[in-house]
Amino acid sequence: MFRLILISILCLAVFCAETQTPEKPKAVTLENYDTIIQNYKIAMIHFDVDHDPYCRSVRQILKKAEKFLRSEKNVFIGSVNVLKEKTLAMRENITNYPSVRIYRKGKFYKNYNKGAEASQILVFIKKLLLPFVSKINSTWEASKFSQSLSWVVVAYVKPEQREEAHKLLKEVAHLPEFDEYLFGITTDEEIAKDMKIKKTPKIVLYSNQDREKYYSDITSVQKISNFLKENSHPYIQELSFAGLSALIRTREPFVILFADSEYDTKISLVKSYMKNSKKRMEVVWLDGPKNPVFYRDFPLSGRWPCLLISTNWNDGNFHRYEDKRITRKGLNKFFEEFEKGTLPVVKKIKQEEITEDNDNTALITAKDWKKFVLDENKDTFVLIYAPWCEYCKALRPHYVDIAKHFSHVEDLALFRFNGDAYQVPGVTLAGYPTLVFYPRNQKQKYISYEGSRSFGGLKEFIEENATVDLTKKKETLQENETEQKPEL
């Protein structure tokens with residue numbers, strides 16, 4: 001797959017004439033960061049830490065991509081060790097990791113949060129090396145272009161339609177959902193005839209997963225993007241550990257198949273079924289034996305392959321395909337029962353329970369958010385963290401000290417929330433750690449903490465934003481009374 005992508009890059013002549021490629025920096029540091037961005041047409045820089053499992057996964061994927069682009073003098077792929085380059089991470093305002101930044105022609109382009117496989121990264125970079133809409137000048141170019149990626153869009157238009165069609169295609173190409181698509185345009189009637197286009201204008205969606213799809217209404221960005229989304233569903237794709245975090249936070253149901261390379265026929269069967277189905281659920285598969293970290297998060301049946309539908313990650317609700325063999329008939333029955341709502345629900349094998357560590361904070365889950373965080377009788381302060389996050393671990397002692405410092409205040413409560421395990425209700429999560437403060441009687445809007453991650457900074461923030469009396473001590477509980485706390 002990687003070799004085919006690399007060959008197609010060469011065929012499209014996006015690389016410059018052969019010259020001796022200068023040696024690329026082996027490490028990204030504060031001293032060479034700006035120079036790298038300016039010297040390369042495309043720079044992909046990964047901010048990571050050594051012991052984080054997500055970072056390790058992304059690092060290996062980027063190494064594979066870098067290997068195939070090592071001789072390309074216009075592209076740089078490298079990593080920044082956040083713990084060694086703290087000054088650089090602070091300067092670039094890196095608040096979470098892994099964080100992958102893309103620079104194009106010396107300027108920040110976007111954060112990369114698309115496919116977490118080496119082939120998908122190569123596709124993404126390949127597109128950035130090309131114009132957003134490539135001009136096609138010959139039938140040979142059109143043929144090679146249409147087969148170069150999984151999804152290719154070509155507009156065949158009349159000369160007088162070119163300017164408007166090019167403008168619309170360029171706008172579509174800039175949309176995030178089409179980062180992995182290539183776009184081209186031609187006004188040559190002979191090329192259109194050779195590519196079996198009988199009448200123009202016409203947009204053709206080429207795919208290595210399906211036959212060509214045709215569309216004639218090239219009048220708006222919305223119409224073109226709707227056509228592409230409706231006809232280019234990723235029927236089934238492999239999921240890496242690095243891609244799980246984004247997927248489980250989607251609000252829509254998704255299907256996941258646990259298999260391995262020995263079960264190619266079952267993977268092909270599910271792929272074929274979803275391809276010919278009207279169902280538009282995201283479908284992924286993963287190599288279970290190579291990803292044991294997944295075992296704790298899914299209620300597997302104990303045999304391979306295992307098929308699940310996730311309907312609510314926060315509650316740990318899944319539907320599991322229970323037949324011993326995955327067949328087309330069995331899949332029909334499984335999805336029909338899912339649509340009717342008659343499938344039994346199975347839970348995660350391991351659910352995180354609410355605990356207290358005698359540090360004056362309570363660990364809550366999504367189902368407790370409304371009851372405790374949005375309690376209109378109290379000011380509430382929440383630390384949203386991820387167990388693997390070193391920044392969160394560094395902040396934890398200061399947060400505990402603050403909780404102890406204000407432990408005497410009756411109407412102030414501090415909580416901890418595992419954002420890696422549950423979707424955070426009503427909070428826009430940009431990274432870890434995230435701290436939010438909800439004033440009493442103003443629970444419809446939170447205040448984000450952006451200050452120093454120190455005891456002094458946290459103390460000053462609470463004193464500035466508290467609506468309760470910070471000097472008022474908790475009343476001594478009567479013998480038969482209990483304070484309202486999350487259930488242990």
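My entries below go from the whole chain to single residues.

**Ground rules.** I am working with a predicted model, where local features need pLDDT of at least 70, side-chain atom pairs count only at pLDDT 80 or more, and totals for chains, interfaces and linings use all residues. I number residues from 1 along each chain as its sequence is written, and side-chain values use heavy atoms, with hydrogens and water left out.

**Whole chain.** I looked up the secondary structure and found 15 helices and 20 strands (DSSP runs, H or I of at least four residues for helices and E of at least two for strands, numbered from the N terminus). The chain has 488 residues, and 51% of them count as buried. I use buried for under 20% relative accessible area, exposed for over 50% and partly exposed for in between, with a 1.4 Å probe and protein chains only. For contacts (heavy atoms within 4.5 Å), I took those between residues at least 6 apart in sequence, and 74% of them join residues at least 24 apart.

**Aromatic pairs.** How many aromatic pairs does the structure hold? I noted 19. Rings of Phe, Tyr and Trp (its six-membered ring) pair if their centres lie within 6.5 Å; planes under 30 degrees apart are stacked, over 60 edge-to-face, and the rest tilted. Phe372 and Phe415 make a tilted pair, because their centres are 6.3 Å apart and their planes stand at 55°. Phe372 is in helix α13 (residues 369-373) and Phe415 in strand β18 (residues 412-418), so this pair ties together parts 43 residues apart in sequence. Both Phe372 and Phe415 are buried.

I then turned to Phe437 and Phe461, an edge-to-face pair with 5.9 Å between centres and 85° between planes. Phe437 belongs to strand β19 (residues 434-438) and Phe461 to helix α15 (residues 455-465), 24 residues apart. Both Phe437 and Phe461 are buried. Ring pairs also join these two with Phe381, Tyr399 and Tyr449 in a cluster.

**Helix α9.** Which residues of α9 (residues 221-231) are buried? I listed Val221, Ile224, Ser225, Phe227, Leu228 and Asn231. They lie on the same side of α9, because they cover an arc of only 155° around the axis (taken from the directions from the helix axis to the C-beta atoms). The buried residues of α9 pack against β6 (151-156), α7 (162-173), β7 (181-186), β8 and β9 (213-215).

**Salt bridges.** I found eight salt bridges, each a side-chain nitrogen of Lys or Arg within 4 Å of a carboxyl oxygen of Asp or Glu. Glu92 takes part in one with Arg91, at 2.9 Å between the closest N and O atoms, and in one with Arg101, at 3.0 Å. Arg91 is partly exposed at 41%, while Glu92 and Arg101 are both buried. Asp34, Arg91, Glu92 and Arg101 are linked in a network of salt bridges.

Most residues other than glycine have a negative phi, and most peptide bonds are trans. I flagged a cis bond between Thr200 and Pro201, with omega about 5°; Pro201 is in the loop between α8 (189-194) and β8 (202-207). Lys105 has a positive phi of about 55° and sits in the loop between β3 (99-104) and β4 (107-111). Asn441 has a positive phi of about 65°, and I found Asn441 in the loop between β19 and β20 (447-448). Lys105 is exposed at 58% relative accessibility, and Asn441 is exposed at 54%.
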